[in-house]
Amino acid sequence: MGIILVTGASGQLGNELRVISRKYPGYEFIFTDFAELDITAKEKVNVFIADNRPDWIVNCAAYNFVDKAESETESAMRINGTGVRNISEAIKGTDCKFVHISSDYVFDGHSNTPYDEDSSAEPASAYGRSKLEGERAALLHNRSMIIRTSWLYSSFGSNFVKTILAKAKQNDSLRVVYDQTGTPTWAADLAGAIMLIIAAVIRNQIAFKAGIYHYSNEGVCSWYDFASEIVNEAGINCHIYPILTKEYPSMAQRPSYSVLNKAKIKENFNLEIPHWRDSLKKCIKLLK
Ligand SMILES: NC(=O)c1ccc[n+]([C@@H]2O[C@H](COP(=O)([O-])OP(=O)(O)OC[C@H]3O[C@@H](n4cnc5c(N)ncnc54)[C@H](OP(=O)(O)O)[C@@H]3O)[C@@H](O)[C@H]2O)c1
């Protein structure tokens, strides 16, 4: 039996976990967002965890405004760093397992081969630094699993897929950067993988192994390729032009390459990961 507490459950990943939880009727899920459990409120986190005694915590709560984080550094650090530390400290010394989600933006993007879990994390942005701080905080507990993911989208919340769909409907053409390479991740796939891992550990089919893991969909593309596929799949007549990052100035520096090597999570937990194009098709179908 397992009590699974999900924080930040009204975001993209949290909502996908709500959907997938229906396939796990044997487990008790507690879904919380800011209103029910503000992870930055240390005492409330302590009391909530002591009262509900979760066996697992999946932390989806985050400050995710990559550009705004450059000027709102303190807010980003408070939610992505201190908030995670509050959870870690509240469960320290207990058997509660902690699944914390981090980001490809902990890397500077100077590599041209996929990043391993032990590749040196050197964030180029305030957002990336706050996510790295969160990783360190999560690892204060010895039963923490950090899953770094990239380019997350979903039929819930706001994201690149929805932005491109909306803009493509209003414009004949769009300009999208083609010198940033990574991998999109459908949050439904990540939620599915998290639940497969949790269920396999609860059923003693697989041992829980703390540490850092990478998860994205399979494949590699640029934001330009991603946008082109989105309009194609949606059947919208809008031309996508490739541009350079320097032609689209933004506050935060983003990694030019952030492909994640997923071998570790696939091997440890026997996961099969769908290709990003196949998952995008499914998400667009849901959005239609
Ligand atoms: N989105 C991406 O492209 C991406 C890429 C790589 C990694 N990730 C990571 O993946 C995880 C899930 O991301 P997501 O896209 O699902 O995030 P999301 O949609 O932004 O959801 C985050 C949720 O956390 C809530 N939240 C904010 N501050 C909180 C607090 N103090 N206490 C409790 N809840 C709080 C937010 O509420 P409000 O909306 O009211 O603020 C929101 O409901 C995050 O760790 C994120 O950093 C995301």
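**Exercises on helix packing and loop residues**

N270 is exposed, with a relative accessible area of 63%; exposed denotes over 50% relative accessible area, buried under 20%, and partly exposed the range in between, for a 1.4 Å probe and protein chains only. The model is predicted, so that local features need pLDDT of at least 70 and side-chain atom pairs count only at pLDDT 80 or more, while totals for chains, interfaces and linings use all residues. Residues are numbered from 1 along each chain as its sequence is written, and side-chain values use heavy atoms, with hydrogens and water left out.

**Exercise 1.** Locate N270 and N204 and describe their phi angles.

*Solution.* Step 1: N270 is found in the loop between α8 (263-269) and α9, where helices (H or I, at least four residues) and strands (E, at least two) are DSSP runs numbered from the N terminus. Step 2: the phi of N270 is positive, about 50 degrees, although this residue is not a glycine. Step 3: N204 belongs to the loop between α6 (187-202) and β10 (211-214). Its phi is also positive, about 60 degrees, and N204 is not a glycine either. Step 4: N204 is exposed, at a relative accessible area of 70%. For context, most residues other than glycine have a negative phi.

**Exercise 2.** Determine which residues of α5 are buried and what covers them.

*Solution.* Step 1: in α5 (residues 160-170), the buried residues are V161, I164, L165 and A168. Step 2: viewed down the axis of α5, these fall within an arc of 100 degrees, so they line one face of the helix; the arc is taken over directions from the helix axis to the C-beta atoms. Step 3: their cover includes β6 (152-153), β7 (173-177), α7 (223-234) and α9 (276-287), with contact meaning heavy atoms within 4.5 Å.

**Exercise 3.** Characterise the packing of α7 and α9.

*Solution.* Step 1: the two helices pack at an angle of about 45 degrees, and their axes are 10 Å apart. Axes are lines fitted to C-alpha atoms, for helices over the stretch in contact, and angles run from 0 to 180 degrees between N-to-C directions. Step 2: α7 is therefore oblique to α9, given that angles under 35 degrees count as roughly parallel, over 145 as roughly antiparallel, 65 to 115 as roughly perpendicular and the rest as oblique. Step 3: D225, F226, E229, I230, E233 and A234 of α7 meet W276, R277, L280, K281 and I284 of α9.
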